[in-house]
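Subject: Model handover

Hello,

Here is the model for your files. Please open it next to this email and follow along.

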Amino acid sequence: MTYKGIISNVKPDSIGAEIGLMPGDRLLGVNGEAVQDIIDLSFALAEEEIELLIERTSGEQELIALEKEYDEDLGLEFESAVFDKVRQCANRCIFCFVDQMPSGMRDSLYIKDDDYRLSFLYGNFVTLSNLGPRDLSRIARLHLSPLYVSVHTTNGSLREKMLGGKPAGKIMEQLNELVDKGIDLHTQVVLCPGFNDGVELEKTISDLYAIYPSVLSLAIVPVGLTRYRDNCHPLTTFSSEAANQVIKIVHKWQEKCRKENQESFVYLADEFYLAADQEIPSYECYDGFPQLENGVGIVRTFLSEWEEQSVADPGYTEPHYIDVICGVSAEKILTPLLAQLSFPNLNVRVVSVENSFFGCDVTVTGLLTGGDITETLQQIPGPRTGIIVPGVALRKGEQVFLDNTTPETIADKLGVPVRTAYFAQDLKELLAAWR
């Protein structure tokens, strides 16, 4: 099979630039062998003598021989990390967030990837339901570890029901096979009230902890429900009482795990503590934050950075009125922090935005849209010098919200500057020296 790695960028003064490679050129092979992804490519480029098969944008193919230092990079970036096709998810999960997306949004938001290569490279969670013997062999041979696995439940029949297919029921068999091959795993459970919580959650934690430390961590995150669920399985969100019950179960297991292995092992997403109005655990309880990208421990790291970050305190010669935007669940975190600021002439207002776009059950800051932010601010009277929007709500590496609006759009409609705070340090610095 021929794979084509499409070059998107060639770094200046790199080997790729020296041999005349250009964006749009396609890498077909290295030393006579096809490469199906950047994992294959990294192993192939460990050689000192390389022969590249390149297909130019004109369609002409060219062999380029070169010598380089051992493991020296070519300076190439590719449109995708995989050169064949990203493996799509074939499950029909009752909680799938992609199935709850409105129409008309950017194409990338409708992609259901379930590719073990992206799991190894970027920490994407996979279900393993499309993993075959050749995949397992390759994972072991190349030692693609750790992998990030969406377990959801270790009860095979329940997992089949939740994911919508028989392959999903083999999860413990698959996990044990990976562990036997020396692969470490980070795992997650999307918790759905009435399905995999309660006794089922206890079983899942117990089963996964039984193969610790090969299972490095387990994150418990709540199901996310939008208002676009007309053809979806009926589900509910976690009430305050239900969130408290989940916290009790997990804290019991954390105490056991810390007593036996000095690590919590199982971690709860911040939303559970916020929903239950409980204190966020201490910094030490997160053991280096192995699942920070999964929303586990973001509040604690924010609070710690806020406390540690010092800024100059010159104050302002004229009154400044700054609106700080957040989701509904973050308001209770931000309000007391910002109330402690005492910069002369600085007036800060925390503006929690209800998510009309996805529905009021979605309270996290990361899913806010520019449209909802604008509409909320337009309804709030009073002076306004500037607006600070949360960077977590923007597309990674770009200034674009989920609804394709931008901070500039908000600035134009409100008539004041809009700045982005990606975390606690940014927020504190912007408030201390608005510019």
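Start in the loop between strand S2 (26-30) and helix H2 (38-44), where you will find Asn31. Helices (H or I, at least four residues) and strands (E, at least two) are DSSP runs, numbered from the N terminus. Asn31 is not a glycine, yet its phi is positive, about 55 degrees. Its relative accessible area is 35%, so Asn31 is partly exposed. On this scale buried means under 20% relative accessible area, exposed means over 50%, and partly exposed is in between (1.4 Å probe, protein chains only).

A word on the source. This is a predicted model: local features need pLDDT of at least 70, side-chain atom pairs count only at pLDDT 80 or more, and totals for chains, interfaces and linings use all residues. Residues are numbered from 1 along each chain as its sequence is written, and side-chain values use heavy atoms, with hydrogens and water left out.

More backbone points

Most residues other than glycine have a negative phi, and most peptide bonds are trans. Asp277 is another residue other than glycine with a positive phi, near 55 degrees. Asp277 sits in the loop between helix H9 (270-276) and helix H10 (298-308). With a relative accessible area of 64%, Asp277 is exposed.

Two cis peptide bonds are worth a look. One joins Ser145 and Pro146, with omega about 0 degrees. Pro146 is in the loop between H4 and S6. The other runs from Tyr212 to Pro213, with omega near 5 degrees. Pro213 is in the loop between H7 and strand S8 (215-222).

The chain as a whole

The chain has 14 helices and 13 strands. Its radius of gyration is 24 Å, close to the 22 Å that the globule rule gives for 435 residues, so the chain is as compact as a globular protein of that length. The radius is taken over C-alpha atoms, and the rule is 2.2 Å times the number of residues to the power 0.38. Along the principal axes, the C-alpha atoms fill a box of roughly 70 × 55 × 45 Å.

Of the 435 residues, 51% count as buried. Take the contacts in the chain with a separation of 6 or more: residues 24 or more positions apart account for 70% of them. Contact means heavy atoms within 4.5 Å.

The chain exposes about 20800 Å², and carbon and sulfur atoms supply 49% of that area. Accessible areas come from the Shrake-Rupley method with a 1.4 Å probe; for residues, only the protein chains shown count as cover.

Helix H6

H6 covers residues 171-180, and its buried residues are Ile171, Met172, Gln174, Leu175, Leu178 and Val179. Seen down the axis, they fall within an arc of 160 degrees, so they line one face of H6. The arc is that of the directions from the helix axis to the C-beta atoms. On the other side of H6, Glu173 and Asp180 are exposed.

What covers the buried face? The cover includes helix H4 (133-142), strand S6 (147-150), helix H5 (156-163), strand S7 (185-191) and helix H7 (199-209).

Glu177 also lies in H6. At 30% relative accessibility, Glu177 counts as partly exposed. Glu177 and Glu293 are 116 residues apart in sequence and 26 Å apart in space, C-alpha to C-alpha. After H6 comes Gly182, with a positive phi near 85 degrees.

Helix H11

In H11 (residues 331-339), the buried residues include Ile333, Leu334, Leu337 and Leu338. These cover an arc of only 105 degrees around the axis, which puts them on the same side of H11. Their cover includes H9, H10, strand S10 (320-327), strand S11 (346-353) and helix H14 (424-432).

Helix H13

Ala411 lies in H13 (residues 407-414). Is Ala411 buried or exposed? Its relative accessibility is 18%, so Ala411 counts as buried. Not counting residues up to four places away in sequence, Ala411 touches Val416 and Val418. Gln399 is 12 residues from Ala411 along the chain, and their C-alpha atoms are separated by 13 Å.

Best wishes
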